Amino acid sequence: MNPEKFILVCNGAECRNPGAEEIYNNLRHECSIHNADDVQVIRTGCLGFCAHGPVVKTLPDETLYAGVTPEDAAEIVENHIINGKKVERLLYNKNESKQNVKVDNADFYQKQFRIVLRNCGIIDPENIEEYIARDGYAALEKVVFDMNPDDIIAELKSAGLRGRGGAGFPTWMKWNFTKQVESDEKFVVCNADEGDPGAYMDRGTLEGDPHSILEAMTIAGYCIGAKKGYIYIRAEYPLAIERLQKGMEDSRALGLLGDNILGSDFSFDIEIRLGAGAFVCGEETALIASIEGERGMPKPRPPFPSVKGVWGKPTLINNVETWANIPVIITRGGEWFSKIGTEDSRGTKVFALTGKIRNSGLVEVPMGTTLREIVYDIGGGIPGDKAFKAVQTGGPSGGVIPAEYLDTPIDYIHLKELGSIMGSGGMIIMDEDDCMVDVAKFYLGFSVDESCGKCSPCRIGGRTLYNILEKITTGNGELEDIEKLKTIGKAMQTASLCGLGQTAPNPILSTLKYFEDEYLAHIKNHRCPSKKCKELISFHILADKCVGCTICAKNCPVNVIDGAVREVHTIDQSGCIKCGKCFEVCKFNAVFIK
Amino acid sequence: MAALTRESLKKLRDSLKKDFNRINSAGKTKVVIGMGTCGLAAGAKETEEAFLEALAKEQRKDVVVSGTGCMGLCFAEPTVEVIVPGMPSVVYGNVDREMAERIVRKHIQGKILVNDHIYDKPSVDIIEELEGN
Ligand SMILES: Cc1cc2nc3c(=O)[nH]c(=O)nc-3n(C[C@H](O)[C@H](O)[C@H](O)COP(=O)(O)O)c2cc1C
C-alpha cells in the first residue's frame with residue numbers, strides 16, 4: 001500500500017535537535033503498532049523554527065507541532081493520525097508572536113507571506129502562459145477596461161503601499177504627482193540597479209517573475225499617461241535581463257505590450273537600459289542621467305523626477321519590489337493589502353538574509369514581523385551555537401541593531417527609531433566574532449569607493465572618516481577621534497548632495513551608538529574584543545596544550561613556527577602575518593589569539 | 001500568436017488555469033527545478049540533466065520537468081519541487097545527481113518520500129489558497 005499520510009520530523013543536519021532521531025524511531029514504532037501502513041514517517045531538512053524544536057509536521061494537512069519529545073510520539077500517532085484529532089497541547093503557538101500572519105481569516109503557521117514573490121519558485125518565468133494562469137495580466141485588463149487613472153490612485157492610496165527602494169515614499173503620491181503634471185510625453189522607470197552589498201531581492205523577483213514587473217509598469221503607463229517605460233538594470237544580472245527580454249517579446253506577441261493593448265486604444269512599450277554597476281546610479285537623478293547617456297551623477301532636487309525626469313519629461317520611478325506589489329493590489333483591492341502589516345507600513349517586505357545564519361535566503365514577511373522571528377524561526381538561528389550580536393539592515397546607508405532589540409517589529413518607523421533604516425532589504429546577521437568597528441569600516445569603504453566625487457561633503461568627508469577608522473583599527477586611535485567621527489558624520493548627513501553621502505556615515509553613527517565600548521577598547525587598550533583587527537591581535541601557542549604534532553608548522557605559509565616533533569612549538573611574532581591558519585588546524589586548542 | 005482581446009485573454013486564462021492546477025495536479029507528475037542565479041550556481045543544470053536521464057531510463061516521458069525562479073531557500077540549493085498526483089507536493093533541497101536519481105526511483109516510481117532532503121515550502125500560495133480555486 002502506498003502511503004497517504006506523512007509525518008515529517010525536522011532533522012536539519014545543521015540544527016539536529018536533541019531527541020529528533022528518537023522521535024523519528026518512536027513515531028515509526030507507533031505506526032507499526034497501529035498497523036498504519038498508509039503512513040510514512042520521514043526525516044526532513046531544517047524546517048526553520050529551530051528555537052521551538054524539535055518540530056514535527058504532518059502532511060497533507062500541514063499541522064506543525066513544536067517542542068515535541070520522544071514520549072509524545074504515541075499521542076501524535078494515536079490521536080492525530082489514527083483518530084484525526086490534533087494534539088492541541090503541542091500545536092505550534094502562533095500567538096507567541098505579536099504579529100501573526102492572518103489574512104482573510106485564514107491563519108498560517110508559517111511566518112512568511114508572499115505577495116512580491118508569489119510566483120517565484122512556482123511558475124516557469126520564461127513561460128507567459130504560466131503567469132497568465134496565475135492571474136497574470138488580470139490587473140492590466142481590469143485597469144484598461146474598468147478603471148480610470150484616479151481609481152487606480154485611490155486603490156494605491158487605500159493600500160498604503162510605500163516605496164521599497166529605500167526611502168519609503170508613499171507610492172500613490174508619486175503616481176499622483178506624475179499624473180497631474182501636464183506634458184506631451186511622460187516616462188515610467190523601473191529601478192533595478194540593486195547595488196547594496198548583500199542584497200539580491202530584486203534579482204530574485206526579476207528572475208522568478210519578470211512579467212509582474214512588465215504588467216505593473218504598463219498599468220502605470222495607463223495611469224499617468226505615458227507611452228514608454230525604461231527598465232534600468234545592472235549588466236551584472238544577465239539572467240534577469242534575458243528573462244525580461246523574453247517576457248517582453250512574448251507579451252508583445254500576445255498584444256499585452258506595444259500598440260493597442262488588448263485591442264484598446266492604449267499603447268505602451270518598454271526598453272531595457274543597462275547600468276555599468278556604479279552604486280550611485282541607483283539614486284534616481286543619477287539613474288535618469290545614465291539613461292540619457294550622461295555620466296551617472298546626482299542632481300539637486302527639486303525638480304523631482306515627477307516634474308522633470310528622463311529627457312526633461314515627467315517621470316515615475318519605482319523600485320522592482322514596489323512594482324511587483326502593484327498587480328496584486330489592483331486585483332485584490334487596496335483594502336485587502338492594507339490589512340497586512342502595521343499601521344505605519346502596509347504589506348510585506350522581502351529581505352535577503354545572509355551572514356551568520358543557518359538558513360540564508362530570500363524571505364518575505366508581513367511588515368511588523370520581529371527580528372527574532374526572522375533570525376530564529378525562519379533563519380534557523382546562528383550556526384555553531386555562537387551568540388547573536390547584531391543585524392545590519394539598509395546596507396551602506398543603514399545601521400546595526402543589537403540583540404536587545406530583537407523583539408522590535410520591523411517597519412519603517414521602528415527601524416528609523418533604532419538608528420537604522422529599512423533600506424532595500426539586505427539583512428546581514430553578525431555574531432560574536434564580528435568586530436563592529438571593522439563592520440563600520442567595511443560599509444564606509446564601500447561608500448567611499450562608490451562616491452561620485454561631485455560634492456565635497458561626501459568626497460572629502462567620507463575619506464576623512466575612513467582614515468580615522470583605519471587609525472582606530474590599527475591601534476593608533478585617540479579619544480578625540482570619536483567626537484571627530486560624530487561631527488564629520490553629522491556634517492555629511494546635512495550637507496551632502498544625494499542620499500549616498502547623506503547616509504554614508506550611518507554605519508559609523510549606529511555602531512557608535514550601540515557599541516562605543518568596542519571603539520574605546522581599540523583606542524584605549526589597543527585591543528579588538530572580537531579578535532578581528534589584525535594589527536591588534538597576535539597568535540600564541542599554549543605550552544601546556546601543545547603536543548608537538550607539527551601540523552601548525554606544516555601549514556604556516558610563512559614558516560615562522562618553530563619546534564621539533566613532540567616538543568612545544570613557538571611562533572616568531574616578527575614574521576607572523578596573522579592569517580590564522582595555525583589556529584584553524586590545531587586539534588588540541590593549543591593556539592590562542594591575544 | 002494572435003493578439004489577445006479582453007475576452008480571449010479571459011478564455012485563455014480559464015483554460016490555462018485548469019492545466020496549471022497544482023494542488024491536485026490531476027494527471028501529470030511534475031518536477032520543478034529552481035533555476036535562479038543561486039540554483040544555477042549550485043548546479044541546477046546538472047540536476048535537470050540527471051532527472052531527464054533517470055526519467056528516460058524509467059520510460060517516464062509523461063513527467064514534465066521545468067524550471068522556475070528562486071524559492072528563497074538559498075542555503076539548500078539546488079531545490080526541486082516534486083508533484084505526484086495523490087501525494088502532497090514536496091520540496092527537496094540539496095538535490096545533486098544522486099539525489100535526483102533517488103527521487104525518481106523512490107518518490108516518482110515508488111510513491112514514497114525520500115528521507116532527509118525535504119524542506120518546507122516557505123509560505124502559503126496566495127494565488128491558490130486564498131482564492132480557493
Ligand atoms: C546612493 C543611492 C543608491 C540607490 N540605489 C537604489 C537601487 O539600487 N534600487 C532602488 O530601487 N532604489 C535605489 N535608490 C533609491 C532611489 O533613489 C529611489 O528613491 C527609488 O528608486 C524610488 O523607488 P520607490 O519609491 O519605489 O522606492 C538609491 C538611492 C541612493 C541615494
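How much area do chain A and chain B bury between them? I get about 5100 Å², with 57% of it on carbon and sulfur atoms; buried area here is the accessible area (1.4 Å probe) that two parts lose on being put together, summed over both.

I am working on a predicted model, where local features need pLDDT of at least 70, side-chain atom pairs count only at pLDDT 80 or more, and totals for chains, interfaces and linings use all residues. Residues are numbered from 1 along each chain as its sequence is written, chains are lettered from A in the order in which they are written, and side-chain values use heavy atoms, with hydrogens and water left out.

**The A–B contact**

I looked up who takes part: 65 residues come from chain A and 55 residues from chain B, contact meaning heavy atoms within 4.5 Å.

Next, the charges. I find 8 salt bridges between chain A and chain B, each a side-chain nitrogen of Lys or Arg within 4 Å of a carboxyl oxygen of Asp or Glu. One of them I checked by name: B:R6 pairs with A:D146 through their side chains, at 2.7 Å from N to O.

For polar contacts between chain A and chain B I get 26 residue pairs, both partners at pLDDT 80 or more. The term covers a pair of N or O atoms within 3.5 Å; within protein, one must be able to donate a hydrogen and the other to accept it, and residues adjacent in sequence count only if both atoms are side-chain atoms.

On the side of chain A that touches chain B, strand β2 (residues 39–44) of chain A gives the largest share, 5 residues. By class, I count 33 nonpolar, 16 polar and 16 charged residues on that side; Ala, Val, Leu, Ile, Met, Phe, Trp, Tyr, Cys and Pro go down as nonpolar, Asp, Glu, Lys and Arg as charged, and the others, Gly among them, as polar.

**B:A3**

I found B:A3 in the segment before α1 (6–19) of chain B. Leaving aside neighbours within four places in sequence, B:A3 touches A:A253, A:L254 and A:G255. Is B:A3 buried or exposed? B:A3 is exposed, because its relative accessible area is 57% and the cut-off for exposed is over 50% (buried is under 20%, partly exposed in between; 1.4 Å probe, protein chains only).

**Chain B overall**

I see 4 helices and 5 strands in chain B, in the order α-β-α-α-β-β-β-α-β along the sequence. These are DSSP runs numbered from the N terminus: helices are H or I, at least four residues, and strands are E, at least two. Of the 133 residues in chain B, 57% are buried.
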